[in-house]
Structure formats: C-alpha cells, structure tokens
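Take a walk through this model, one region at a time. Keep the sequence and the structure side by side.

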Amino acid sequence: MPQRAKELSALAVKRLTEVGFYFLGGVPGFALKVQKNSASYVLRYSDAYGKKHDVFIGPRSVLSLSQARGIALELKAKILAGRDPLEEKKQARQKIKEEKKQQQIPNFEKVANDWLKDRARNGFFRNNPEGEIRTFWVLNRHIFPKLGSKSINAITPEMIRDIIGPLWETKTNTAQKALTYLRQIFNWSIALRIREDRENPADLRSALGVLLEPQKRNRREKENHAAISVEELPALYAALDKLQGTSPRACQFAILTASRSKAVRLATWDEFDLENKTWNIPLEHDKMKQAKRDRTILLSDEAVQLLKDLPRYTGQTKVFLSNQMQTLSDMTMSMVLRRLHKKQKNIDGIGWIDKEKTKRTGKDCVVTPHGCARATFRTWAKDDTIGNNKSFDQEAVELCLLHSKRDVYNGAYDRARLLTERRKIMDAWGKYCISAVREKTSQINIKTIIYQYRIPHIKSCNTSLKSFCSLPL
C-alpha cells in the first residue's frame, strides 16, 4: 500500500521554494509544482491505463492552501466517479471555441441581404427596377420570420420543407419564388465559403426533394387570370369608356394593345411613334429580359386616338399619371375593374366576372386587366365561331402578344416579324373593342386644365366647356 503524504501547513507550503514536485497531503495526489519562476497547485492521478496526469488547480500566489485543497477534493471525487477532469476541461475549451466561431458566422438574414446587395451592385436588376424590392418582399414576408436569426450553417432541408410545404398549398407562385431565392442564396454562400456544409439545403435534387415529395400532391394548381368572355368584351370596354380619369384610360389602352399592365403603367411618351402607329416597349418594362427580343406593339387607330386624347403635362414624361401626378400603382387598374364590377353587380346581380372560372371555383372571379387584355384577345383571335381562327395567322397573333417563337432553335433562323399580318390583327381588334361605344358628347375634362395650367382654386372634376367658361376668375 503506497505511503500517504503528510498534510503540510500553509506556512510549510510557503517555504517550498526549490524547484521540485511536493505532495501536500490531505487529498491523494494533491501537490505543489515549483518551477523556476512559478509555483502551482496540481492534482496528480492515473487514468484507466495507468498513465499519470497532472490537473492544474491554480497558482500559489492566487489561491490559499485551503482553497486549493478544496478544489483538489472536488476533482478527486470526479475521478472516483469515473470522470476525467482533463477530458472535461478539453471539452469545455472546445465548446467555448465553437461558440466563438458560431458568433463570427452570420445569420441567414444578413447573408440574404448581402446576397441581394451584391446582385444590385453588379447590375443584376438593371433591366428590372422592381426586382430587388420584390425579392426582398418575398424574403421578408415568408423566409426571415422563420430562418432570419438562424446561423447560415444551422439551416437544414427540414427547415426549408417547413416553409415551402405550406406555401405550396396556398400560394404556388410565391412558394416557387421563395424556393428559387433560397437555393440561390445558399449557392452564393457556399461559393464564398460562408456556409461550411457544401450541400445546398434548398436543392430539390438532394434531401429536400425527398422531404417535399409527399407535399407536392397538395400543391395548388396555378390559376389563370380571370378574363371577360369575347362576347362581353365590347360592353366592358364601353363601361370603362364612361368612367372619367386616367386609370380607366390605362385599362382601355391595355386592352387595345393586348399588353401587360406594367408596360402600360410605366409607358413614357418617347416610346410612341404616333405617326407610324408603333409602340416600342423598353427592355426594363417587359416581363422577358432578353436583350435582342422584339418589343414593338403595332397600334390600331383606336389606340392612337386614345393616346391623342390624353393630356400631356409640362415636365412629365409618363403617359398615364394619377391625380397626384404619380405613376399608377400596380393595383390601380385592378381596382378600376373591381369598382366597375361592384357597380354592375348592383344592376344585374352578376357583374363583370370570368363566368367559367367562377363556376369552377364557386366564388366570384372578378375580371383582371391581364385577363381582359391578353387572354380575351388570344381567345378572340382564335375564335372559330366568328372565323378568326382562319382569318388570322396564329403565329402573328403570338407575336402581337410579344410571345417568343417556340421552335427548337428559339427563333434563331425564323426572324420574320409578320408586320403586315400583325397590323391587320390589331386593327380588327381595335374596331371590335369599341364596337359598343356610343358617340361621346363634346366635353372637356376640367381636371386636365387644372393640372396643365395649375389653377389652384378650381375643385370641380368634370364639366362642360360652357360651364367652365362661366366660372368666375
């Protein structure tokens, strides 16, 4: 049996100054290790393999003998319980190191914002001015609340599934956009080695695809924009014609040109050649961003006349402006049709709805600018009851909608613009649109005069020229 060390007093320990290793007693293995410039309390013990280890307790200059002996007693109790003090210290240091490392790794929201800024800085949104705002809106609305505060390294495919799965059941387009942005953000962070895991958690070809497979069955089918029937289009156009203001005119112009609302809302006067009856939509106002794409719209006489009847304000380049002289918002034209629907429903109990879609969904599907301007035009151009399917070249109809050629070479060889045929189609469409419009009485919009000449005290909206001339100055 090994000899037990005599328990030394504090004074005796203080006198130990020669370099050496001194057992101090009281606790088996408790010792003082004296070196040339220091003296420290340690606890010596043997591991399961008989190898000896020294656990540092603290310097003699800081700890009293009783304090050091108390710590040594606690360490000895751990060893007798089968725990290794050195291993625990190593694990504690590793944990602190990992925590510090995690603190240096940015969270998802910061990485996503940096990714968005990088795209904007390098001109990714050059041809799509609203792209940056719309991307941020999707991230801020659907992604940041759940992933924003999490470390970019801590995000797993399961977390992505919990976001995208429910979205697919209610907002298919938004879910697809969110998934695309997530995949791009993780690819970017992996390329810059911000994320350590080289696997993209938002890639459908990996674990996420397996996790989302059952939920794909619940994916909501994409719905088309509600559109007015071909037969009702002239009546709707006539109803718009009775409304005063710029927004109804924008709706009418979108219908006459079968154009997307964005291109109409952002149109400037320099895009139009009224003499040659053409409208060249700039790349940044188009949905498709191919630089070489033809974006020429051929204007009917009715579309040209509508433009000529619009007021042109000094210093303003936009064609369609709100009463506050601002660009129309993306909801303005939709709201015009909704108000028109409400008014019509009070009259006939039906209103302006997409009857087929309403029957299918069981709820009123109010017509939309996109549906009326494009879907109704496309249906009219192929309507076999009035012979348009034989009267018009259907490829030219697609070009009127600015749809790209659909062939295996993406139009690389076939570059025919079919201008004569497109002109014929748009002229016929213009005449069809206005077929229910009655002859207008000669009136002048007082609001136009107010804005053009800045007459501050006149508040009337619409009146005849005779009434306006009789107003006191």
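Does D203 count as buried or exposed? D203 counts as buried, because its relative accessibility is 16%, and buried means under 20%. This is a predicted model. The side chain of D203 meets that of R205 in a salt bridge, 3.2 Å from N to O. R205, by contrast, is exposed, with a relative accessible area of 77%.

That pair belongs to a larger set. The structure holds 14 salt bridges. Side chains of opposite charge can pair when their charged atoms come close. D294 and R422 meet in another salt bridge, at 3.6 Å from N to O. D294 lies in the loop between β6 (278-280) and β7 (296-298), and R422 in helix α18 (residues 419-433), so the pair ties together parts that are 128 residues apart in sequence. R422 is buried, at 3% relative accessible area. D294 counts as partly exposed, at 32%. K78, R83 and E88 are linked in a network of salt bridges.

Now the sheet. It is open, with four strands in the order β1-β2-β3-β4 and antiparallel pairing. β1 (20-23) and β4 (52-59) stand at the edges with a single partner strand each, so one side of each has no neighbour in the sheet. Neighbouring strands are turned by 30° against each other on average, direction ignored. Strand β3 (residues 39-46) pairs with β4 over seven bridges, in the antiparallel sense. Within this pairing, R44 stands opposite D54 in β4. Helix α2 (residues 65-80) packs on the sheet and touches β2 (30-34), β3 and β4. The direction of α2 makes about 20° with that of β3.

Move on to helix α13 (residues 332-348). Its 17 residues reach 25 Å from first C-alpha to last, close to the expected 24 Å. The buried residues of α13 are T332, M333, S334, V336, L337, L340 and H341. Their cover includes α9 (233-241), α10, α11 (261-265) and α15 (369-381). After α13 comes G349, with a positive phi near 75°. K345 forms a salt bridge with D364, the closest N and O atoms being 2.6 Å apart. K345 sits in α13 and D364 in the loop between α14 (355-361) and α15, so the pair ties together parts 19 residues apart in sequence.

Finish at α10, which spans residues 246-257 and includes T246. T246 counts as buried, at 16% relative accessibility. A polar atom of the T246 side chain lies 3.0 Å from the backbone oxygen of L321. Beyond its neighbours within four places in sequence, T246 is in contact with F320 and L321.

Methods. Residues are numbered from 1 along each chain as its sequence is written. This is a predicted model: local features need pLDDT of at least 70, side-chain atom pairs count only at pLDDT 80 or more; totals for chains, interfaces and linings use all residues. Side-chain values use heavy atoms; hydrogens and water are left out. Helices (H or I, at least four residues) and strands (E, at least two) are DSSP runs, numbered from the N terminus. Buried means under 20% relative accessible area, exposed over 50%, partly exposed in between (1.4 Å probe, protein chains only). A polar contact is a pair of N or O atoms within 3.5 Å; within protein, one must be able to donate a hydrogen and the other to accept it, and residues adjacent in sequence count only if both atoms are side-chain atoms. Contact means heavy atoms within 4.5 Å. The expected span of a helix is 1.5 Å times one less than its number of residues. Two strands pair if DSSP finds at least two bridges between them. Axes are lines fitted to C-alpha atoms, for helices over the stretch in contact, and angles run from 0 to 180 degrees between N-to-C directions. A salt bridge is a side-chain nitrogen of Lys or Arg within 4 Å of a carboxyl oxygen of Asp or Glu.
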